[in-house]
Amino acid sequence: GPEMQVLDNDGHADGKIPSHRAGALYDLVTPPDGAVKPVGEWNQARVLVQNGRIEHWLNGQKVAESSYGDDAWRAAVAASKFKDMPLFGKASAGHIALQDHGDRVWYRSIKIKPL
């Protein structure tokens with residue numbers, strides 16, 4: 001499913017790819033520079049999925065926005081690394097996952113609520 005990227009932009013190889021930087025709608029929407037705090041400081045993230053829209057917020061700044069499930073979404077997926085995954089981004093409900101790629105990451109005060 002769609003992913004909000006969480007990583008050290010300067011310390012991880014993916015941080016060199018604009019659409020893979022912290023806050024990105026991974027490989028689909030590139031976040032602006034400057035929203036992420038330095039390593040060692042807490043970042044505040046918010047992911048909103050509602051009424052066919054996805055928004056990513058990082059430290060009070062909207063860093064990614066996309067429609068979900070419409071023609072624009074399908075075109076974005078077709079132009080991404082997910083193009084050969086026929087089920088990517090088609091579910092209307094599912095699981096929330098936290099992943100890592102072997103690097104240390106910390107989360108605190110996670111809140112999930114239906115809108």
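Reply: One term to start with: two strands pair if DSSP finds at least two bridges between them. Also, this is a predicted model.

Me: OK. In β2, what is the bridge partner of Leu 48?
Reply: Glu 55 is the bridge partner of Leu 48. The strands concerned, β1 and β2, run antiparallel to each other and pair over six bridges.

Me: How many strands form the sheet, and in what order?
Reply: Three, in the order β1-β2-β3. The sheet is open, with antiparallel pairing.

Me: Which are the edge strands?
Reply: β1, residues 45-50, and β3, residues 61-67. Each of them pairs on one side only.

Me: And the twist from one strand to the next, what does it average?
Reply: The average is 10 degrees.

Me: What holds strands of a sheet together in general?
Reply: Strands pair through backbone hydrogen bonds, parallel or antiparallel.

Me: Back to this one. How many residues lie between β1 and β2 in their hairpin?
Reply: Two. Asn 51 sits in that turn, with a positive phi of about 50 degrees. The β2 and β3 hairpin also has two residues between its strands. There the turn holds Asn 59, whose positive phi is about 55 degrees.

Me: Over how many bridges do β2 and β3 pair?
Reply: Six, in the antiparallel sense, with β2 covering residues 53-58. Leu 58 is partnered by Gln 61 in β3. Trp 57 has Lys 62 as its bridge partner. Opposite His 56 stands Ala 64.

Me: Switching to charges. How many salt bridges are there in the whole structure?
Reply: A search finds four. One of them joins Glu 65 and Arg 53, with the closest N and O atoms 3.2 Å apart. Glu 65 is in strand β3 and Arg 53 in strand β2, so this pair ties together parts twelve residues apart in sequence.

Me: What does Lys 62 pair with in salt bridges?
Reply: Lys 62 meets Glu 55 at 3.7 Å, N to O. Lys 62 also forms a salt bridge with Glu 65, at 3.4 Å between the closest N and O atoms.

Me: Why does Glu 55 count as buried?
Reply: Because its relative accessibility is 18%, and buried means under 20%. Lys 62, at 32%, counts as partly exposed.

Me: Which residues are linked in the salt-bridge network?
Reply: Arg 53, Glu 55, Lys 62 and Glu 65.

Conventions. Residues numbered from 1 in each chain as written. Predicted model: local features only at pLDDT ≥ 70, side-chain atom pairs only at ≥ 80, totals over all residues. Heavy atoms only, no water. Helix = DSSP H or I, 4+ residues; strand = E, 2+ residues; numbered from the N terminus. Axes fitted to C-alpha atoms, helices over the stretch in contact; angles between N-to-C directions. Salt bridge = Lys/Arg side-chain N within 4 Å of Asp/Glu carboxyl O. Buried < 20%, exposed > 50% of the residue type's maximum accessible area, 1.4 Å probe, protein only.
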